[in-house]
Structure formats: structure tokens, C-alpha cells
Amino acid sequence: WHHGDDHCPNLVALTEKELMMAKTQRKHDTNVGNGKMQRLRDDRTTTIPVSVRYAAGNYTHHESLVDLWNTYYKNWVTTASSSPASDSTGGFPHLVIRFEDLIFHTEYVITSICGCAGGTIKQGTEFSYVGDSAKQGQSHEGSSGLFSALSRYGNSTLRIKSFQKEDLKFARKELDFDLLKYF
């Protein structure tokens, strides 16, 4: 998935370089979107395709980052809600925790999760926060730690600073509204 610091996440191609990268990737991905790839959308935008390698030989191809998000979470929600299990809903027990709640109400959320799972927070110890990013390694360089996440996601302007207006318009139009309500 081609992207840069000046246009990330790039949902639609805005420059000649991005258009060329999108065309090149589509040329190499023979199964992009399982037939749903559009070279030029009805609204005259070209999306940036995304391919995900889960394991050797196991790839998925998507029209855009939004298509990946919609597909991945729709599959997850459908599986969680309808797979056979012992609970009465027909799905498997699961928790959905919003990242924002974990960042801004950490102790309350962690205590609630622990209680939900049948545990308790260890008494007599002070709750402590880890400020550095939990993600390590070269592929995670620049990942947010607690304090950078607080400053970025707590500010509604910074949260979307790197988005271009075309990307926001595309996201508003294409993100699955039912999934957004679920999360």
C-alpha cells in the first residue's frame, strides 16, 4: 500500500505519482477485489488498492483501505455474532473496546475487562501506565505510545490533520455506516 507522510492515509489518488502507483499495483494484482475493482470510480476518483498478506500464499486484495476495513470488520462482526457457541445469542462471547476509551479511561476500562473475565485488579498496588509504544520493530517505527496517542486522538483537529479533503469525502461516502455504529 503506497503512502507517504504528506498523504496518509491516502484513500484516493491525488497526484500523478499516486495514480501511476495505483495503476502499477492493479496491473500486478490479478485478483484485486475479486472483480469489484474499478479503475475509475463513478465520482471520477481513483482509489489506492491495498493487498494484505496473512501468510505465504494467503493474500486478500481490496479496492482501498476503506474496502479493507469494511470487509475485515464485517467478516469479524458476522462471525462473532453468528458462529455456533455455547452462549444463547448464537455467537461467541466477545468484547469490543474502543481505542479512545482505552486511552482516555484506561484504569476504568481495564478494571471492567478484568471483572468481566472473572478477575480482580490486584489490591494494594497502584495502577501504572506504560508511556512507550507497545509495538516494537522496524515495521512499527513511529507507532504511538500513550502520551502521543493522547495528544493526537484527544484533539479533533490533529486526529484528521494528515487527511486530504478528497480522502475525507471518500471515507464518509464509502465507510459502512452500520459498522461505524457497532464500534
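Predicted model: local features only at pLDDT ≥ 70, side-chain atom pairs only at ≥ 80, totals over all residues.
1. Tyr-73 is partly exposed, at 29% relative accessibility. One is Tyr-72: the ring centres lie 5.0 Å apart and the planes stand at 80 degrees, so the pair is edge-to-face. Tyr-72 is partly exposed too, with a relative accessible area of 40%.

2. The other partner is Trp-69. Its ring and that of Tyr-73 form a tilted pair, 5.2 Å centre to centre, with 45 degrees between the planes. Why tilted? The angle falls between the cut-offs, under 30 degrees for stacked and over 60 for edge-to-face. Trp-69 and Tyr-73 sit four residues apart in helix α2, which means about one helical turn separates them. Trp-69 counts as partly exposed, at 26% relative accessibility.

3. Trp-69, Tyr-72 and Tyr-73 form one aromatic cluster.

4. Now the overall layout. The protein has eight helices and two strands. From the N terminus, the order of elements is α-β-β-α-α-α-α-α-α-α. The protein has 183 residues, and 26% of them count as buried. Its accessible surface comes to about 13000 Å², and carbon and sulfur atoms hold 53% of that. Take the contacts between residues at least 6 apart in sequence: 48% of them join residues at least 24 apart.

5. Back to helix α2, which spans residues 65–82 and includes Asn-70. Is Asn-70 buried or exposed? Asn-70 is buried: its relative accessible area is 14%, and the cut-off for buried is under 20%. The side chain of Asn-70 reaches the backbone nitrogen of Asp-176 at 2.9 Å. Beyond its neighbours within four places in sequence, Asn-70 is in contact with Glu-174, Leu-175, Asp-176 and Leu-179.

6. Asp-176 also meets Lys-74. Their side chains form a salt bridge, 2.9 Å from N to O. What does this pair tie together? Asp-176 lies in the loop between α7 (165–174) and α8 (177–182), and Lys-74 lies in helix α2, so the bridge links parts that are 102 residues apart in sequence.

7. How many salt bridges does the count give? It comes to three. Another joins Asp-101 and Arg-98, with the closest N and O atoms 3.0 Å apart. Asp-101 is partly exposed at 24% relative accessibility, and Arg-98 is partly exposed at 41%.

8. Lys-181 and Asp-178 make a further salt bridge, at 3.8 Å from N to O. They are three residues apart in helix α8, which means about one helical turn lies between them. Both ends are exposed: Lys-181 has 57% relative accessibility and Asp-178 has 54%.

9. Last, the nonpolar core. In soluble globular proteins, nonpolar side chains tend to be buried together. Which residues make up the largest nonpolar core here? There are five: Leu-11, Val-12, Val-66, Phe-170 and Ala-171. Leaving out residues up to four places away in sequence, Ala-171 touches Leu-11 and Val-66.

How values were computed
Residues numbered from 1 in each chain as written. Heavy atoms only, no water. Buried < 20%, exposed > 50% of the residue type's maximum accessible area, 1.4 Å probe, protein only. Contact = heavy atoms within 4.5 Å. Areas by Shrake-Rupley, 256 points an atom, 1.4 Å probe, with all protein chains shown as cover. Polar contact = N/O pair within 3.5 Å; in protein donor to acceptor, adjacent residues only side chain to side chain. Phe/Tyr/Trp six-rings, centres within 6.5 Å; stacked < 30°, edge-to-face > 60°. Core = buried A, V, L, I, M, F, W, Y, C linked by side-chain atoms within 4.5 Å. Salt bridge = Lys/Arg side-chain N within 4 Å of Asp/Glu carboxyl O.
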